[in-house]
Amino acid sequence: MSTLTPPKPDVVTAAPSRVTLRGPVRVLLRVHRRPLQIVGAAAALVILWMVGLSLWSDQSSADFAASGCSVEHTVPSCGTAVRDFLDGQMLLNDTQNHAGLLLMVLPALVGAFMAGPVIARELESGTFRLSWSQSVSPARWLAAKLLAFAVLTVAVTSTLAAVFAWFWSRNDDSFYARAWYEEFVYGSLGTVPVAHALLGLAIGTLAGLLVRRTVAAMVATVFASGLLLVAFDTVRFSLWPIRTDVVAIRSGYGFPTDSWSGAQGYVTSTGERLPAEVCQEPAGDVVECLATHGSSERYYEYHPASHYWPLQLVETGILLALAALAVFAAFRVLRRLHG
């Protein structure tokens, strides 16, 4: 064979193909790339702030311990050191609150963006017809939007929740530490913030298709997401069987460490529960008062720390079920309106 003979096609090494986004997903990300870049930058700044503050807090605590001063037994020479240390601890607490608040309002922000700029604006302006005229069915058009933003939402929310969990766990023994069951902490840990964000995305999609007006759809989404957030904060304590301890009056019992305390009161011999205020007369004896009601025991309701994951998983399951229901309703609405 001559040296000028070209090689056979089957021995030609093909250039590796590069995986690229195509179709509606690619168009969607290009159209909204600027807001997405801003969200990514904001998330990165929040993460850097939590990491940096946590490392600074470690150094501040070490310096304060090395000074020999104490918050409980302050002497005049330690006034400045104690004040600076407590200011740093308060800054740590404020950062936890703000980061937790951000994760709690994130579902409403995600849903509002999906409802307004992504869904309702196209329906309101009529630009959706361009996509549908290019061999893109209405169902595929909606599925591409949901898939792209669901992946981004899970990625961003999971990262923020993981960093917040690390931030909180490293500082859970700080001077102003917050417990795992407090609203700003619990709603920012585990799987709950991710599930809330996906539900906000689904609500925004449904609202955009129903309202078809940008601002009105965004307002409706924020209202619905906020209402659901308040509702879950209200019923969260009852999502898993509550533990109840019954002890003798004046036994010195206290709620277990790190437990989420609930109702407490008195129990009669027939099992009837009486409120804790039933025998609080200043001039009377509590034991004698309770004896008249046939009670000699007190009950305490609480969730121990071991109930954290059961509560998280039950709430997550409910949220994901609601999100799936909202997505199903969105496709039904799309089919009814546009076939």
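Which residues in α2 meet which residues in α3? In the predicted model examined here, the α2 side of this contact is formed by P35, V46, W49, M50, L53, W56, S57, S60, S61 and F64, and these residues meet A81, V82, F85, G88, Q89, L91, L92, T95, A99, L102 and F113 in α3. Sorted by class, the contact of α2 with α3 comprises 15 nonpolar and six polar residues, with no charged residue among them. The two helices concerned span residues 33-67 (α2) and residues 79-125 (α3), and they pack with their axes 10 Å apart at an angle of about 160 degrees.

Ten helices and four strands are assigned in the chain, and their order from the N terminus on is α-α-α-α-α-α-α-α-β-β-β-α-β-α. When contacts between residues at least 6 apart in sequence are considered, 81% of them join residues at least 24 apart.

A disulfide is also present in the model, and a search of the whole structure finds one such link. This disulfide is formed by C69 and C78, whose sulfur atoms lie 2.1 Å apart. The link of C69 and C78 is left-handed, with a value of -75 degrees about the S-S bond, and both of the cysteines, C69 and C78, are buried.

Further helix pairs can be described in the terms used above, since two packed helices are described by the angle between their axes and the distance between the axes. Helix α3, already discussed as the partner of α2, also packs with helix α8, which covers residues 214-235; the axes of α3 and α8 come within 8 Å and cross at roughly 155 degrees. This angle makes α3 roughly antiparallel to α8, and α3 passes α8 in a right-handed crossing. On the α3 side, the residues that meet α8 are M104, P107, A108, G111, A112, A115, G116, P117, A120, R121 and E124, whereas α8 contributes T214, A217, M218, T221, V222, S225, L229 and D233. The residues of the contact of α3 with α8 divide into eleven nonpolar, five polar and three charged.

Helix α5 (residues 138-170) and helix α7 (residues 192-211) form another packed pair, with axes 9 Å apart and an angle of about 150 degrees. The two helices are therefore roughly antiparallel to each other, and α5 passes α7 in a right-handed crossing. In this contact, W141, L142, L146, F149, A150, T153, V154, T157, S158 and A161 in α5 meet P193, V194, A197, L198, L201, T205 and L209 in α7. By class, the contact of α5 with α7 holds 13 nonpolar and four polar residues, and no charged residue is found in it.

Most residues other than glycine have a negative phi. Against this background, R212, a residue other than glycine, has a positive phi near 60 degrees. R212 lies in the loop between α7 and α8 and is partly exposed, with a relative accessible area of 32%.

A positive phi, of about 65 degrees, is likewise found for D258, although this residue is not a glycine. D258 is placed in the loop between β1 (243-248) and β2 (260-268), and D258 is exposed, its relative accessible area being 53%. Leaving aside neighbours within four places in sequence, D258 is in contact with W180, Y181 and A305. The C-alpha atoms of D258 and S306 lie 9.5 Å apart in space, although D258 and S306 are separated by 48 residues in sequence.

Conventions: Residues numbered from 1 in each chain as written. Predicted model: local features only at pLDDT ≥ 70, side-chain atom pairs only at ≥ 80, totals over all residues. Heavy atoms only, no water. Disulfide = S-S within 2.5 Å. Buried < 20%, exposed > 50% of the residue type's maximum accessible area, 1.4 Å probe, protein only. Axes fitted to C-alpha atoms, helices over the stretch in contact; angles between N-to-C directions. Parallel < 35°, antiparallel > 145°, perpendicular 65-115°, else oblique. Left-handed = near helix turned anticlockwise from the far one by under 90°. Contact = heavy atoms within 4.5 Å. Nonpolar A, V, L, I, M, F, W, Y, C, P; charged D, E, K, R; others polar.
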